[in-house]
Amino acid sequence: MEKLMRLISMAPLLLLLSLSSASAGHDYNQALSKSILFFEAQRSGYLPHNQRVTWRANSGLNDGKASGVDLVGGYYDAGDNVKFGLPMAFTITMMSWSIIEYGKQMAANGELGHALEAVKWGTDYLIKAHPEPNVLYGEVGDGNTDHYCWQRPEEMTTDRHAYKIDPRNPGSDLAGETAAAMAAASIVFRRSNPAYSSELLRHAYQLFEFADKYRGKYDGSITVAQKYYQSVSGYNDELLWAAAWLYQASNNQYYLNYLGKNGDSMGGTGWAMTEFGWDVKYAGVQTLVAKFLMQGKAGLNAPVFERYQQKAEYFMCSLIGKGSRNVQKTPGGLIFRQRWNNMQFVTSASFLATVYSDYLTSSRGSLKCAAGNVAPSELLSFAKSQVNYLLGDNPRATSYMVGYGNNYPRQVHHRGSSIVSIKVDPKFVACRQGYATWYTRKASDPNVLTGAVVGGPDAYDNFADERENYQQTEPATYNNAPLLGILARLGGGHGGYNQLLPVVVPAPNPVVAKPKPAPKPKLTPTPASSSSPISIEQKMTTSWNDKGKTYYRYSIVVTNKSYKTLKDLKLSISKLYGPLWGLTKSGNSYGFPTWLSSLPAGKSLEFVYIHSASPADVSVSSYNLA
């Protein structure tokens, strides 16, 4: 308590200090890159050759085996090693929504490819988890046995039982959210991978029918989830949420009418919300339906859809303090709902404010609040203020994104991050040994969980960077997922296009008309002296045909083989006939990307390019070792 009071008394001074430095601004593009990278640290299963979080290794390779189903892959939700289906599906939905709205900005930043890979890592797993139309696996492992141990995911000894829902054991909320995720992701891959997009939409149709026909709460069937991801709101919000996403994905009038017919009875027009997250989806549904209304798609459902919009605007007004009931905020201005992982509500609410601001701007409308009409720009300013707080403009001058800025959490409540990498020290860490040796260790994590957004401060802007303080220092995938869209929007601007027009997600790869591999060109390895401190490895990762022309995507990995830090690297690239991502061009040479100033000993960086020719010639022009 003494420590708490001391922090409270220091808050005004810290607030003044932080405000004086706030004008420096933030690198939203760098924050976006780091936010996406976090998902690679959460991967379960066989890690791919282009895995960038290199301290992780394969894990959960027998998941589902005892049940006769392949459940290898997917994401660990937070700092533990359990795969919870409901928050994982919500994460995929929100990542997809971020790309749908702001994929153009992500493409301009060179991060769209990574964002698509993050979504696909999740949807590949969700497809496996849905082996039959009316069967969906909703959890692998359980929190009770998992939390008893503190182990790396690569060598966990905890129970990996798989839990499912079916007609006799329903879970409309879980099936509905998974349908929403599949439908939203199908929009994302419509151009870049149409066959995969169709497969996702087929699963979404089946899951929605399953959810709607066999109604019930999933945690009544998968009871081990109750302590960790209890469905307090029930399943009506997920059924409406899924219908909204299926309408966006299919343009099928059935789902639009479903929203119209069931809006009143299922609470879509009745619930006035001040939160949005993995459990309660009403504010998200209301925002999407308001979009349909602004697009002129409501038809005979217009009277009902107007009531949805009224509730959407109630939510928006509450965020900016101009409603009849407003959200609580900390003295430093952060939305505050609860002490345990409050940041999830900050990012999700800020995302809704961002997209609604753009919807209103595109429709030339304004926000109708109890305090009067409000310009759409005020919503965007609010979202920006929340992101700036998260990135360091707060009374503690602390970034709540690991690896961003200089002052960020060093003792994250995360098993994989807090224990030495199995690649560095393969000695087995037993279940309880992990607590004794690593959990209680008062030192920085041996592995930096770059991009992770932790739970964040309390109601008075106080924060304790301690591993056992799981309420504040544990990250979660659903903290990051909505943030991707906001960061892309803030970093790339609006772009001058109408947010209400039909969605066209740009593809890092052109459309594949037929999923047949093109003949591979003969690769010429980039010359490198065996004694050189820098190695360059180049390989083709994919190819496709578009309008009679074959395109190739090449990946180049530059590794610092020396025992010193590599600085001032300059690369010469010739015979390049297409776009390149991951480097900064300066004159006739290429250097480190903007977010990287040096390359430590033994570390690598990757960049990619696309063109319709043999590999470009890549060589080192100059460098310094310090």
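Reader: Hi! How much space lies in the largest cavity?
Author: About 50 Å³ in the largest cavity, and bear in mind that this is a predicted model.

Reader: Thanks. Which residues line the largest cavity?
Author: Its lining is made up of Ala41, Gln42, Arg56, Tyr76, Gly79, Asp80, Asn81, Pro153, His414, Arg415 and Gly416. Sorted by class, that lining has five polar, three charged and three nonpolar residues.

Reader: And how many cavities of 30 Å³ or more are there?
Author: The count is four.

Reader: Nice. What classes do the residues lining the second largest cavity fall into?
Author: Six are nonpolar, three are polar and none is charged. Among the lining residues are Tyr125, Leu136, Tyr137, Gly138, Leu174 and Thr178.

Reader: Which elements supply at least two residues each of that lining?
Author: Those are α4 (112-128), β2 (136-140) and α6. The largest share, three residues, comes from β2.

Reader: Switching topic: in what order do the strands of the four-stranded open sheet come?
Author: The order is β6-β7-β13-β9, with antiparallel pairing. At the edges sit β6 (534-546) and β9 (580-581), each pairing on one side only.

Reader: How many bridges join β7 to β13?
Author: Eight, linking residues 549-560 of β7 with residues 604-611 of β13. If you want a spot to look at, Tyr552 stands opposite His611 in β13.

Notes: Residues are numbered from 1 along each chain as its sequence is written. This is a predicted model: local features need pLDDT of at least 70, side-chain atom pairs count only at pLDDT 80 or more; totals for chains, interfaces and linings use all residues. Side-chain values use heavy atoms; hydrogens and water are left out. Two strands pair if DSSP finds at least two bridges between them. On a 1 Å grid over the protein atoms alone, a cavity is a set of points where a 1.4 Å probe fits but cannot get out, and a pocket is an open set with protein on both sides within 12 Å along at least five of seven lines; lining residues have an atom within 4 Å of a point. Grid points are joined across faces, edges and corners, and a volume is the space filled by probe spheres set on the points. Ala, Val, Leu, Ile, Met, Phe, Trp, Tyr, Cys and Pro count as nonpolar, Asp, Glu, Lys and Arg as charged, and the others, Gly among them, as polar.
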